[in-house]
Amino acid sequence: MTPRKQTELINKIPKAELHVHIEGTFEPELMFTIAERNDIRLKYKSVDELHAAYQFNNLQEFLDLYYAGAYVLLYERDFYDLTKAYLKKCYEDKVVHTEIFFDPQTHTQRGVPFENVINGILQACIDARNEWGITYRLIPNFLRHLSEEDAIKTFKESLQFGELFTAYGLDSSEKGHPPAKFEKVFEMVRAEGFLTVAHAGEEGPAQNVWDAINMLKVARIDHGVRSIDDPELLNELARIKMPLTVCPLSNLKLKVVNDMVDHPLKKLLDHNIVATVNSDDPAYFGGYMNANFHAVNEALDLTKEDIVKLAANSFTASFLADEEKQKWLDEIAKFLA
Ligand SMILES: [Zn+2]
């Protein structure tokens, strides 16, 4: 297939996003608008100055800025505007289904009521489904740099909105905060009938991927790229069809890989692992879903079959009902014809 045709294929094929932090979609322009609306002074004088700060040497440098940006979000309307802007990008990128992470503790620990967060995000999702037909799932994440006790407190507080959530996840600083630290709260989450997912093998070792599977009983691994260091783990991931929600531009921007040509995505695919492409924190990492696809397509010389497989994997690994999944898989199969 010619490069132009493959670019068109990426833009047109239906996709699901399974790894995006809604606070990570906070574009500088919108951050300034909401900061002004909420009478909050940012430490940056302009959008350009803020954008220039989006240079990171590692995950922690990003997280420091990411949490600072979230401080601007106070009211339901703020979370609505943030989420609706992201969902418009989904519509433009032919993302027809998205499973959105949010970090309740980032907001509740600074006195923002849980309902402000969830009501704003939910209403934007409802409006986007009505306007653009985009389906969604909501996945609260526990902040792993905080204690398990704090995660348990947040989980209990979240249950009043429990019918809105499909799964719970684990994000923030992976170094020094292994899956074992959260074994008890994940057991509580599963006991309440929720699925679980967890960031593992982003900056942490392949062992964290093993432990997220065996201790947290996850349905998906978020990132998981360090699995490439452990051949036995690669075989296990393929055997149990454990999806990896890979975020190529995030891995490049946070120097998990130094060059996109070194990204393990193609090796993961060739190992029959259910790998998917996602944007993680697109406002900070330089692009949404299609930008991630284009980046790996060019750097890794992906085939048409690889692109179609990645799109199909995103529905296979989703928390959609089986008939919904099949509808999109049938649609995607037409692109192979
Ligand atoms: Zn992430």
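Against which elements do the buried residues of α10 pack? The buried residues of α10 pack against β5, β6 and α11 (231-239).

## Basis of the description

This is a predicted model, in which local features need pLDDT of at least 70 and side-chain atom pairs count only at pLDDT 80 or more, whereas totals for chains, interfaces and linings use all residues. Residues are numbered from 1 along each chain as its sequence is written, and side-chain values use heavy atoms, with hydrogens and water left out.

Helices (H or I, at least four residues) and strands (E, at least two) are DSSP runs, numbered from the N terminus. Contact means heavy atoms within 4.5 Å. A residue is buried under 20% relative accessible area, exposed over 50% and partly exposed in between (1.4 Å probe, protein chains only).

## The sheet

Eight strands form an open sheet in the order β1-β2-β3-β4-β5-β6-β7-β8, with parallel pairing; two strands pair if DSSP finds at least two bridges between them. At the edges stand β1 (15-21) and β8 (275-277), each of which pairs on one side only. From one strand to the next the twist averages 25 degrees. Axes are lines fitted to C-alpha atoms, for helices over the stretch in contact, and angles run from 0 to 180 degrees between N-to-C directions.

Strand β3 (residues 135-143) pairs with β4 in the parallel sense over three bridges, and Leu 143 stands opposite Asp 171 in β4. Five of the five residues of β4 are buried, so this strand is largely enclosed by the rest of the structure. Both of its faces are covered: Ala 167, Gly 169 and Asp 171 are buried on one side, and Tyr 168 and Leu 170 on the other.

## Helix α10 and its strands

Strand β5 (residues 195-200) and β6 are joined in the parallel sense over four bridges, with Ala 198 opposite Ile 221 in β6. Helix α10 packs on the sheet and touches β5 and β6; its direction makes about 170 degrees with that of β5.

Seven of the nine residues of α10 are buried, so the helix is largely enclosed by the rest of the structure. These buried residues are Ala 206, Asn 208, Val 209, Trp 210, Asp 211, Ala 212 and Ile 213.

Two residues of the loop between α10 and β6 are described here. Leu 216 lies in this loop and is buried, at 0% relative accessibility. Not counting residues up to four places away in sequence, Leu 216 touches Leu 170, Pro 179, Phe 182, Glu 183, Phe 186, Arg 190, Thr 196, Ala 198 and Asp 211. Lys 217, in the loop between α10 (206-214) and β6 (220-223), has a positive phi of about 55 degrees although it is not a glycine. Lys 217 is partly exposed, with a relative accessible area of 46%.

Lys 181 belongs to the loop between β4 (167-171) and α9 (183-191). Its C-alpha atom is 10.0 Å from that of Leu 216, at a separation of 35 residues in sequence. Lys 181 is partly exposed, at 26% relative accessibility, and, residues up to four places away in sequence aside, touches Arg 144, His 145, Leu 146, Ser 147 and Glu 148.

Asn 297 lies in helix α15 and is buried, with a relative accessible area of 10%. Leaving aside neighbours within four places in sequence, Asn 297 is in contact with Gln 6, Ile 10, Leu 302 and Ile 307.

Asp 301 is found in the loop between α15 (289-300) and α16 (304-316). Asp 301 is exposed, with a relative accessible area of 62%, and its phi is near 55 degrees, a positive value in a residue other than glycine.

## The cavity

A cavity is a set of points, on a 1 Å grid over the protein atoms alone, where a 1.4 Å probe fits but cannot get out; lining residues have an atom within 4 Å of a point. Grid points are joined across faces, edges and corners, and a volume is the space filled by probe spheres set on the points. By this rule there is one cavity of 30 Å³ or more. The largest cavity has a volume of about 90 Å³. Of the 14 residues that line the largest cavity, His 21, Leu 59, Leu 63, Ser 172 and His 199 are the closest to its centre.

Helix α4 (residues 59-70) gives the largest share of this lining, five residues. The lining of the largest cavity divides into five nonpolar, four polar and five charged residues. Here Ala, Val, Leu, Ile, Met, Phe, Trp, Tyr, Cys and Pro count as nonpolar, Asp, Glu, Lys and Arg as charged, and the others, Gly among them, as polar.

Technical notes. 1 Å grid on protein atoms, 1.4 Å probe; cavity = no way out; pocket = protein on both sides within 12 Å on 5 of 7 lines; lining within 4 Å.
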